[in-house]
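Dear colleague,

Please find below the structure that I am handing over to you.

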Amino acid sequence: PKSKQQLENVVFTFNNYGKIDGVQFALEEASARNVMGDNGIDELSRLTLLNFLENYKTAFALKRLDYIESIFSDDAVIITGRVLRTTEQSQEFKDIQLTMDNQVVHGNVLYTRMSKEHYIKRLKNSSKEWINIKFGGTTIDSSQQNNTFGVRLVQDYFSNNYGDHGYLFLLIDTSDRENPLIRVRMWQPEIDKDVRPFSMEEYDILTRGTNK
């Protein structure tokens, strides 16, 4: 937007021959430190996740829809959230949304579960928008599934006419370290202190029936 300026740190990735192999926006310092901190995860996995998250952030800012499409598994579970404006929060609107498949209104947030195809199509429809994502505090947990990690980030999302603050949960499969895949993507708004955001523990309980 004309009224705003954007400043980003840039990361250069070099190959074994000293040539620049990639350029991407850096994660915010606090988020990068959380990823690379002493969290019980091996260094190679932490570096893989750091590089992946930097590319994820860059792809949204630069509208790299081909890359975004490639990093979601075909059967990915994708749940988006949108904070409703006051004018949208009529009872009539809520009743309509609650009768639609894969949509539900909770409080002032509309949650939508969609397929990868639907999610990419929606991104293409909004490809003309200016988008910027900022990541704050980040936590990483190992899944019970090998080479799979739950990454929870505090996310600030900005676009031409919309913005929100909340938690983004990504279940990332790093079995192929050169091409990690997102198997779950879930967004939640900043919620009450008595209700914690979705995490790897909740995912394992839901999918494996474990008790913790």
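Arg33 and Glu29 both belong to helix α1 (residues 29-36), where they stand 4 residues apart, about one turn of the helix. Their side chains meet in a salt bridge, at 2.7 Å from N to O; the term denotes a side-chain nitrogen of Lys or Arg within 4 Å of a carboxyl oxygen of Asp or Glu. Both Arg33 and Glu29 are exposed. Here exposed means over 50% relative accessible area, buried under 20%, and partly exposed in between, with a 1.4 Å probe and protein chains only.

Please note that this is a predicted model, in which local features need pLDDT of at least 70 and side-chain atom pairs count only at pLDDT 80 or more, while totals for chains, interfaces and linings use all residues. Residues are numbered from 1 along each chain as its sequence is written, and side-chain values use heavy atoms, with hydrogens and water left out.

The chain as a whole

The protein chain contains 6 helices and 9 strands; these are DSSP runs numbered from the N terminus, helices being H or I of at least four residues and strands E of at least two. Of its 212 residues, 42% are buried. Among contacts (heavy atoms within 4.5 Å) between residues at least 6 apart in sequence, 56% join residues at least 24 apart.

Salt bridges

Side chains of opposite charge can pair when their charged atoms come close. The count for this model comes to 8 salt bridges. Asp74 forms one of them with Lys116, with the closest N and O atoms 3.1 Å apart. This pair links distant parts of the chain, since Asp74 is in strand β3 and Lys116 in helix α5, 42 residues apart. Asp74 counts as exposed because its relative accessibility is 70%, whereas Lys116, at 13%, counts as buried.

Another salt bridge joins Glu8 to Lys134, again with the closest N and O atoms 3.1 Å apart. Glu8 is in the segment before β1 and Lys134 is in strand β6, so that the pair links distant parts of the chain, 126 residues apart. Glu8 is buried, with a relative accessible area of 15%, and Lys134 is partly exposed, with 24%. Together with Glu28 and Lys57, Glu8 and Lys134 are linked in a network of salt bridges.

Two individual residues

Which residues does Glu69 touch, leaving aside its neighbours within four places in sequence? Glu69 is in contact with Lys116 and Ile120. The C-alpha atoms of Glu69 and Ile120 are separated by 6.5 Å, although the two are 51 residues apart along the chain. Glu69 lies in helix α3 and, at 35% relative accessibility, counts as partly exposed.

Asp173 is placed in strand β8 (residues 163-173) and, at 12% relative accessibility, counts as buried. Its side chain makes a polar contact with the side chain of Ser175, at 2.6 Å. A polar contact is a pair of N or O atoms within 3.5 Å; within protein, one must be able to donate a hydrogen and the other to accept it, and residues adjacent in sequence count only if both atoms are side-chain atoms. Leaving aside neighbours within four places in sequence, Asp173 is in contact with Asn147, Thr148, Pro180, Leu181 and Arg183.

Pockets

A pocket is, on a 1 Å grid over the protein atoms alone, an open set of points where a 1.4 Å probe fits, with protein on both sides within 12 Å along at least five of seven lines; lining residues have an atom within 4 Å of a point. Grid points are joined across faces, edges and corners, and a volume is the space filled by probe spheres set on the points.

The largest pocket holds about 730 Å³ of space. Its lining consists of 23 residues, and Thr13, Asn51, Asn55, Arg177 and Glu178 lie nearest its centre. Helix α2 gives the most to this lining, with 8 residues. The lining divides into 9 nonpolar, 10 polar and 4 charged residues, where Ala, Val, Leu, Ile, Met, Phe, Trp, Tyr, Cys and Pro count as nonpolar, Asp, Glu, Lys and Arg as charged, and the others, Gly among them, as polar.

The second largest pocket has a volume of about 600 Å³. Of the 25 residues lining it, Gly81, Arg82, Arg122, Tyr157 and Tyr162 are the closest to its centre. Helix α5 gives the most to the lining of the second largest pocket, with 4 residues.

Yours sincerely
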